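Have the sequence and the 3D view ready, and follow along one region at a time.

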Amino acid sequence: MGGLLGLGRLGVRVHATCLCLVCFAGRLSRPSPPNRETTGHIVAVKQTAREGKQICCQGSALLSGKLICRVGNLPSIVVLLPFAAVPKIKLAGLNPQSIEFMERDIVDSSAEYTGNKIIPTVVDGNECGAYILVTLDGNDEDEIFQRAETLAEIGEEAGAFDTLVIERPADKAAVWAARSAFLTVIEAETEHLDEMDVVIPVDKIAEFLGFIHDTGVENDVLIRSFGHAGDGNLHIYCCGNNIEREAFLEKSTRVMHAAYAKCNELGGQVSGEHGIGHAKKEYLRESVGDTAFSLMTSIKQAFDPKGILNPGKVCN
């Protein structure tokens, strides 16, 4: 994704992608391994200058206080910003391709499991608690630079304690590899697992995550989470180890009931991309209401009058 170049269909304009990694302070949902400071090709930038000329050095460029690496003839950037910036990013006209979020504990687990320690946990003495991964694109160098500048300013306004830039394409690929391993890591570390795939308004994500973690603590259930902050699609996992499955399901069910109720309260949806199955269909009815549920059942009946397509599932 990040740093890939491609010609438009007519071959007139060159398109560039800019990968931005966002980091902010926050609580840890479980004990973490030793901290990883920023090293090697990850550069911490404390302030953003409002003017200054572009300075090229060994294939990189320093523009307005932010290190921007070049891929071919166009820049590609990885930046770290705070979670609260997500709604502002969406309203700023940056048109991000993706905005992913990940909490510190799953980043730690991914590093332990895969050996890929590309994502730092301490930046200039500041403890990282969570991260956002943003992908921007543009049609030319000026557009990429302007969007990166705006993104950095939004981060400062939202309280970012630092901005990091990952210089090399290989390091950017390693960031995506660490993100891609999250579900595999959770499954490897967990005996009993239950998940939800909710959609929350982007300006309510922080409130929902705080609520779900508190609910997990109240019910002695470990909560792991990551997801797509750009559209509010969150993957929440109830995890249990050293517990009988029946006892775990009793606890996780209480968490699920509370989480889906909170989702409805915040104006969200019970599923974003994984669909509805046996275990979640009661929450779907509560979320959309009897009228919408009956409408879906009628549509199913119109296309499947004999009830032979996926029988006995959600719309009977």
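Where is the place of Asp220? Look in the loop between H6 and strand E14, which covers 222-228. Keep in mind as you look around that this is a predicted model.

What about its surroundings? Asp220 has a relative accessibility of 58% and so counts as exposed, because the cut-off for exposed is over 50%.

Asn242 gives you another example: this residue is not a glycine either, and its phi is positive, near 55 degrees. You'll find Asn242 in the loop between strand E15 (233-240) and H7. With a relative accessibility of 74%, Asn242 counts as exposed.

## The chain as a whole

Now zoom out. How many helices and strands does the chain have? There are 8 helices and 15 strands. The chain is 316 residues long, and 47% of them count as buried.

Here's something about how the chain comes together. Take the contacts between residues at least 6 apart in sequence: 77% of those join residues at least 24 apart.

## H7 meets H8

Next, find helix H7 (residues 245-265) and helix H8 (residues 281-303). Their axes come within 10 Å and cross at roughly 20 degrees. Angles under 35 degrees count as roughly parallel, so H7 and H8 are roughly parallel to each other. If you like handedness, H7 passes H8 in a right-handed crossing.

Which residues in H7 and H8 meet? On the H7 side they are Thr253, Met256, His257, Tyr260 and Asn264, and on the H8 side they are Glu282, Tyr283, Glu286 and Ser287. Sorted by class, the residues of this contact of H7 with H8 are 3 nonpolar, 4 polar and 2 charged.

## H2 meets H5

Helix H2 (residues 104-114) and helix H5 (residues 182-189) are another pair to look at. Their axes are 9 Å apart, and the two helices pack at an angle of about 80 degrees. Angles from 65 to 115 degrees count as roughly perpendicular, so that is the word for H2 and H5.

H2 brings Ile106, Val107, Ser109, Ser110 and Tyr113 to the contact, while H5 brings Phe182, Thr184, Val185, Ile186, Ala188 and Glu189. By class, the contact of H2 with H5 has 7 nonpolar, 3 polar and 1 charged residues.

## Inside the nonpolar cores

Time to look inside. The largest nonpolar core has 38 residues, and the ones that touch the most other members are Met196, Phe208, Ile212 and Leu234. H7 supplies the largest share of this core, with 6 residues.

Pick Met196 and see what surrounds it. Leaving out residues up to four places away in sequence, Met196 touches Phe208, Ile212, Leu234, His235, Ile236, Met256, Ala259 and Tyr260. Another core, of 20 residues, lies apart from the largest one, and its members include Val107, Ile119, Ala174 and Tyr237.

Is Thr215 buried or exposed? Thr215 is buried, with a relative accessible area of 4%, and its place is in helix H6 (residues 205-218). Not counting residues up to four places away in sequence, Thr215 touches Val255 and Ala258.

Ile132 is in strand E11 (residues 130-138). The relative accessible area of Ile132 is 1%, so Ile132 is buried.

Last stop: Glu103, in strand E8 (residues 98-103). This residue has a relative accessibility of 13% and counts as buried, because buried means under 20%. Glu103 and Phe226 are 123 residues apart along the chain, with 6.5 Å separating their C-alpha atoms. Apart from neighbours within four places in sequence, Glu103 is in contact with Gly129, Ala130, His213 and Ser225.

How values were computed. Residues numbered from 1 in each chain as written. Predicted model: local features only at pLDDT ≥ 70, side-chain atom pairs only at ≥ 80, totals over all residues. Heavy atoms only, no water. Axes fitted to C-alpha atoms, helices over the stretch in contact; angles between N-to-C directions. Helix = DSSP H or I, 4+ residues; strand = E, 2+ residues; numbered from the N terminus. Parallel < 35°, antiparallel > 145°, perpendicular 65-115°, else oblique. Left-handed = near helix turned anticlockwise from the far one by under 90°. Contact = heavy atoms within 4.5 Å. Nonpolar A, V, L, I, M, F, W, Y, C, P; charged D, E, K, R; others polar. Core = buried A, V, L, I, M, F, W, Y, C linked by side-chain atoms within 4.5 Å. Buried < 20%, exposed > 50% of the residue type's maximum accessible area, 1.4 Å probe, protein only.
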